[in-house]
Amino acid sequence: MKMSLNWLREFVETDLEPESLARRLTETGTEVEGMEKPCSRFSGAVSARIEKLEIHPKRKDLYVAEIDTGTGRAVCVSAASNLELHSCVPYGPPGSVLADGTKIGKREFDGIKSEGMMLSAEEIGLPDVADEFGILKLDPGTPPGMDIRKLLGLDDLVFDLSITPNRGDLLSIRGLAVEVAGIVPGSRLLQTKETFPSVGDWLGDFEGVRLEDPDCSLYVLGYADSVSIRPSPVSSRVRLCLSGMRPVSNIVDATNLVMLSTGQPLHAFDADLLPGKEITVRSARDGETIVTLDGKERSLTAEDLLITSGGVPIALAGVMGGLHTEINESTRVILIESANFDSIRVSRTSRRLSLPSEASYRYARIVDPQKAKPAVCEIFGLLSSWKAARPLGMVVEGSEGEKFPKTVPLEKKTLEKILLTDDQEMASRILKRLGFEEATVLKSRRVYRVPSYRPDVSIEEDLVEEVARVWGYDKIPSRLPLGTREPGDRTDRIRCKEALRGVAMARGYVEVVTYSFISPEMLDKMGVVGADPRARALPLANPISRDQSVMRTLLAPGLLKAVESNLRSGWRGPIRLFEMGAVFLEDPATELGVKENLCIGGVACPGRDYPSPWGKEAVDDFFSVKGDVEALAASRGLDVRMVSHEEPFGHAGQTAAILLEGDAIGYLCRIKPSLQEKLSIPEPVYLFEIDMEPFIKGEPARFGEPFRFPAVFRDISLLVEKEIPSEAVAWDIRKEAAETLSELRLFDVYEGEGIPAGKRSLAFSLAYRSAERTLRDDEVDEAHERLRENLSRKGYILR
Amino acid sequence: MSDFLDKVPELKNDFIERLKKAKTPEELQSIRVGFLGKKGKVTQLLKSIGGLPETMRPEAGQRLNVLRREMEALLEERKTSLEAETFLKKERQEKIDVTLPSRGRPWGGCHPVEQVTHEAVEIFASLGFTVAFGPEMENDYYNFEALNIPPHHPARDMQDTFYVENGLLLRTHTSPVEVRALRRWGAPIRIIVPGKVYRRDNDPTHSPMFHQLEGLLVDENVSVAELKGCLEAFVGRIFGRTLDVRYRASYFPFTEPSLEMDVECVACGGENQDCRICKGTGWLEIAGSGMSHPNVLVAGGVDPSKYNGFAWGMGLDRIAMLKYGLDDLRIFFEGDLPFLTGGGQSLR
């Protein structure tokens, strides 16, 4: 909401400097987002009257005007074609400055010297004020020599206010004046006299207004004839522009100015274009249509409230007027609607049709029914003074309601409890300044009457807020809450995240947070399609872009995209990223039908063309990343295993499921070389993702017995089918070995020369140890020999 | 006799000369044999003591034994230093360039929002708040209606909502968890809710996804003073110093009264008219807050005549931006390594 300070000052008197007023408004809840001096660079221009007008003797496209500048005569050359003898114009003498900062000087046009220039609205800095192409014409009769800034009302300050949705009353200058009078001590509301007396009889054969829907509680209709459509006075057009609206014509401008002044939206119909002899307010019928002022045909539903005449829709109540009854150049008689519509009804229609307007904005924030009649009086006064129309009368259908429709109590103990003050007098003073009235005064409580323009106040807490915001929150001390009932708990979930983060960071991974919405194309690229539940990513109904249009069902797309974009923007060298966040999967068994799984995902890639003095040793591969996954699990006291597995995006030979006690909780893979190629990533990419749920609880740290006796070491080397997992072999060894086998470690894997095709050699180191005594060599030899025999019997070839 | 004793210094000098020239353990050994061995010069001399007159024998024996011990000691000393030299020589051959880059993986990194979240949780946990969570994909009831925002309430315009085709929405704030937590645990309660929220917004200071930290305290006889106390304690800790704060009245449908907390600009302290961070106002919005609206308590199944409380919501991304002096929020969510690792120097 743009607020002209000059306009405000017509209604409230305050000594406060603009900066202080801005601060006060801000601290009491109406944030001043900016303050602007209109057309701040424009200066030095005065009004002038054209006394003589001729075509340039040598240049047919130029005019030479002799003007009265108030202090003398000046000659101006202009190319504008709208100049008329005796019209009043803004004149910039040499030395004056235009809105864009251009300094005006003297200039010669083919032998004729132009002393300064006559100005257009654009040169002043208000292009919208122009009503025609060319020089801006001032109101007829404007005396020459007057300061244009003052004349046009540019000696003003415009506040940009952010009005909270509960304060519809502040969407008007008069409402703001009431607020300022309430929040600024020493300020005074100025009594404005009724600008137009109650008017006489209803004329013509108009049959009146019928309200057929309770969502229109009040309909005031003003009636005026002798309309003469012209631009409104220049200073009014300027005021509209400063308030952020475009001037149109005197009638439309008057409805807008009065709306800005009172907060009551007004709409003018051309009475001669009304299809019927009455106006009826009713619900629309499904499928009914109306062409609105913007020229668009709107299809309606029973939700919408309509203004009709002769059964034909002429306006969408509170949203926008109809095109066919629009004010036009030949309008002679007008009807002015000043009505009260239900806020929800209006906002629903405005939203459904995506048709926001100044009117619907105000109705959605509730318009005070008490304003409807005064608004008609005000526009009548304005139209009369502009000689734009002859007001004849108004009809009022429905109820204006009460000036104080409700009462709200304020207990002394509530003030004490919330604001730590028992000063009821102070509270009362504040509320009265804001327009509330005391209904009952008791020792323990007072009851206040709430003015009609404050529908937002309905419970005691609302009164507490009114008191607090004016009194000042700085008057309330700060203190920490006492009486903690139990210690604060970061919870297992936070502790788990922190533990995993610590491990990941220590192992060289950088934490990323990527968007929860992803591109469906990425899932396609990854081959996550068809029956895979992760292919059913939940789509957003109103995404910002297709790239961010479905909810992620796994973390991989975000991680891969980050790798891709880092490489694209020139990152060389290893990339290791991890993320912890939710993925979204359909699940009818849950409260909302969606399961949000907290997952940890990671990606590692050697990067691009980045040799290191350490060669291959420093390069990530499947097994280095496997170690990372194991470390993550270990940090929560858990052991995970990997088994060969398949993922649509995983390398057919290098993909594992991550198992925890036999259950798959995630995957680890090298991504398919074809996917790697699609993403233009030059080196292998390793990717893992784990459901964090089992990690959250975790297991307590385990500690063991120290070694009390030395171990005896033996090796064993087996020739096995390549397809047999080394872990399966290790299990067999453990199963067949004596109890004294304490540690088993694979130390060599060999295939190639000397090994038959399709086989490989696995060499293990075994430590035999007893918890009771030192083992003798011969005991160990015997146990080891027995193991070899057992393995041999199982079909292993011992080397 | 003097003949005999004259040989002692001679022998000693000879020994020291040879010792000096010895460069290897082998040479040391041959010196030992040459002087102290069975046929060594000192041994020979000792053997010849028998030929001396009886009165001179004790002194001669003593002098020779002293010489012998001295030689032993010198030999040992020389041996130790020779060994040390040998090791040293070998070590010198094994010299490395200690400025070569380290092997293995460098330290990773923590996301700025997660870092700030971690600190915020620590601070509020120390004030007795327990962490609570709720779904990011919410229904209309918890995100709006339970928070005193009925359908078509103009406050819905304050937040541009992402809707999901299944009829749910992406929560626009962490506030839905207030009602969920009240329903689950009842009053009294002290919770904080860090988490992702979503709004249909995209510019350098707004991202369609960002992070909030909600706080809720419900108890008997709660005042604005405790709300201020909690927020100020947080601000002091997270920025590491006491900052000036101010409170402004505001409006949130789920709090009444509602107030907004600003802190003095962490960049300029209100001293710079052209400050990019506070836009010359000297103040930064940190948290929206207020006393919980009775309708919210009722929605949470709590009796507002017995309990009251306060709540706040703060943007963690914004706090991270202020704390670390960052000015583009969107880069937070692009996984950009130079950004996340402080220029990438630490990664090799």
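In what sense do strand 15 and strand 22 of chain A pair, and over how many bridges? Antiparallel, over four bridges. Keep in mind that this is a predicted model. Let me stay with that pair for a moment.

Strand 22 of chain A covers residues 334–341. Strand 15 of chain A covers residues 267–270. Across the pairing, Asp270(A) faces Ile334(A) of strand 22. Now the side chains. In a regular strand they alternate between the two faces of the sheet. Strand 15 of chain A is covered on both faces. His267(A) and Phe269(A) are buried on one side. Ala268(A) and Asp270(A) are buried on the other.

Next, a sheet in chain A. It is open, it has seven strands, and the pairing is mixed. The order runs 27-30-31-35-34-33-32. Which strands sit at the edges? Strand 27, residues 510–511, and strand 32, residues 641–644, both of chain A. Each of these pairs on one side only. The partner of strand 27 is strand 30 of chain A, residues 575–586. Those two run parallel and share two bridges. Within that pairing, Val510(A) has Leu577(A) as its bridge partner.

Helix 14 of chain A, residues 491–506, packs on it and touches strands 27, 30 and 31 of chain A. Its direction makes about 150° with that of strand 30 of chain A. Helix 17 of chain A, residues 622–635, also packs on the sheet. Its contacts are strands 31, 32, 33, 34 and 35 of chain A. Against strand 35 of chain A, the direction of helix 17 makes about 20°.

Now salt bridges. Over all chains the count comes to 84.

Pair one is Arg24(A) with Glu27(A), at 2.8 Å from N to O. Both lie in helix 2 of chain A, residues 18–27. They are three residues apart, about one turn of the helix. How accessible are the two ends? Arg24(A) has 14% relative accessibility, so it counts as buried. Glu27(A) has 33%, so it is partly exposed.

Pair two is Asp215(A) with Arg345(A). The closest N and O atoms are 2.7 Å apart. This one links distant parts of the chain, 130 residues apart. Asp215(A) is in the loop between strand 13 and strand 14 of chain A, while Arg345(A) is in helix 8, residues 343–352, of chain A. Is Arg345(A) buried or exposed? Buried, because its relative accessible area is 9%, under the 20% cut-off. Asp215(A), at 24%, is partly exposed.

Salt bridges with shared partners join Arg167(A), Asp169(A), Glu179(A), Arg454(A), Asp456(A), Glu466(A) and Arg469(A).

Last, chain B. Its domain assignment gives domain 1, residues 2–93, and domain 2, residues 112–333. How far apart are their C-alpha centres? They lie 89 Å apart.

Methods. Residues numbered from 1 in each chain as written. Chains lettered and ligands numbered in written order. Predicted model: local features only at pLDDT ≥ 70, side-chain atom pairs only at ≥ 80, totals over all residues. Heavy atoms only, no water. Domains from an automatic or database assignment. Pairing = 2+ DSSP bridges. Contact = heavy atoms within 4.5 Å. Axes fitted to C-alpha atoms, helices over the stretch in contact; angles between N-to-C directions. Salt bridge = Lys/Arg side-chain N within 4 Å of Asp/Glu carboxyl O. Buried < 20%, exposed > 50% of the residue type's maximum accessible area, 1.4 Å probe, protein only.
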